[in-house]
Amino acid sequence: MELNLTQNQIDSLAELAARAGRSPGDLLVEAAERLLADESWFARQVQTGVDQMARGEFLEEDAMDERVRRLLQA
C-alpha cells in the first residue's frame with residue numbers, strides 16, 4: 001500500500017515518532033488500527049439504534065426534548 005503525505009505531514013509524523021521513541025511506520029499502523037476499530041464500533045452502534053427503532057424502543061420528540069432540558073439543568 002502506498003500513502004501520499006505532504007512534506008509537512010511527514011515532518012510532523014517524524015517529530016511525533018521521535019518524541020514517542022517509535023518509528024513513523026509504527027505510528028501509522030497504530031493510527032490505522034484505531035480508525036478501523038472506531039469505524040467498527042460506530043457501525044455496531046448504528047445497527048443497535050436501527051434494531052431498537054425496529055422494536056419500537058425509542059423516545060418521541062417531546063420526551064427527548066424534556067430529557068435534554070433536564071440534563072442541561074443538572
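**Figure 1. Accessible surface and overall form of the protein chain.** The protein chain exposes about 6,600 Å², of which carbon and sulfur atoms supply 56%; accessible areas come from the Shrake-Rupley method with a 1.4 Å probe, and for residues only the protein chains shown count as cover. Buried residues make up 4% of the 74 residues in the chain, where buried means under 20% relative accessible area, exposed over 50%, and partly exposed in between, with a 1.4 Å probe and protein chains only. This is a predicted model, in which local features need pLDDT of at least 70 and side-chain atom pairs count only at pLDDT 80 or more, while totals for chains, interfaces and linings use all residues. Residues are numbered from 1 along each chain as its sequence is written, and side-chain values use heavy atoms, with hydrogens and water left out. The secondary structure comes to 3 helices and 0 strands, helices (H or I, at least four residues) and strands (E, at least two) being DSSP runs numbered from the N terminus. The radius of gyration of the protein chain is 21 Å, well over the 11 Å that the globule rule gives for 74 residues, so the chain is more spread out than a compact globule; the radius is taken over C-alpha atoms, and the rule is 2.2 Å times the number of residues to the power 0.38. Taken along the principal axes, the C-alpha atoms fill a box of roughly 50 × 30 × 20 Å.

Figure 2. The mean pLDDT of the protein chain is 96, and 100% of its residues reach 70 or more; pLDDT is the predictor's confidence in each residue, from 0 to 100. From the N terminus on, the elements run α-α-α, and among them helix α3 (residues 61-73) has the lowest mean pLDDT, 94, whereas α1 has the highest, 98.

Figure 3. Just after α1, G21 takes a positive phi of about 70°. Helix α2 has 31 residues and reaches 45 Å from its first C-alpha to its last, close to the 45 Å expected at 1.5 Å a residue. Here too a glycine comes next, as α2 is followed by G56, whose phi is positive, near 80°.

Figure 4. The structure holds 5 salt bridges, a salt bridge being a side-chain nitrogen of Lys or Arg within 4 Å of a carboxyl oxygen of Asp or Glu. In one of them E15 pairs with R19, the closest N and O atoms being 2.8 Å apart. Both residues lie in helix α1, 4 residues apart, about one turn of the helix. An α-helix has 3.6 residues a turn, so residues three or four places apart point the same way. E15 is partly exposed at 48% relative accessibility, while R19 is exposed, with a relative accessible area of 59%.

**Figure 5. The salt-bridge network of R22, E30 and R34.** These three residues, R22, E30 and R34, are linked in a network of salt bridges. The side chains of R22 and E30 meet at 2.5 Å, N to O, and E30 also forms a salt bridge with R34, where the closest N and O atoms are 2.5 Å apart. E30 and R34 both lie in helix α2 (residues 24-54), 4 residues apart, about one turn of the helix. R22 is partly exposed, with a relative accessible area of 36%, as is E30 at 24%, whereas R34 counts as exposed at 53%.

**Figure 6. A nonpolar patch on the surface.** L3, L5, I10 and L28 form this patch, with about 310 Å² of accessible area together. Patches are made of residues with over 30% relative accessible area and no salt bridge, like charges being joined within 9 Å and nonpolar side chains (Val, Leu, Ile, Met, Phe, Trp, Tyr) within 5 Å. L3 is placed in the segment before α1 (7-20), and this residue is exposed, with a relative accessible area of 54%.

Figure 7. D11 lies in helix α1 and is partly exposed at 43% relative accessibility. D11 and D51 are 40 residues apart in sequence and 45 Å apart in space, C-alpha to C-alpha. L16 is likewise placed in helix α1 and counts as partly exposed at 40%; its C-alpha atom is separated by 48 Å from that of D62, 46 residues apart along the chain.

Definitions and conventions. Expected span 1.5 Å × (residues − 1).
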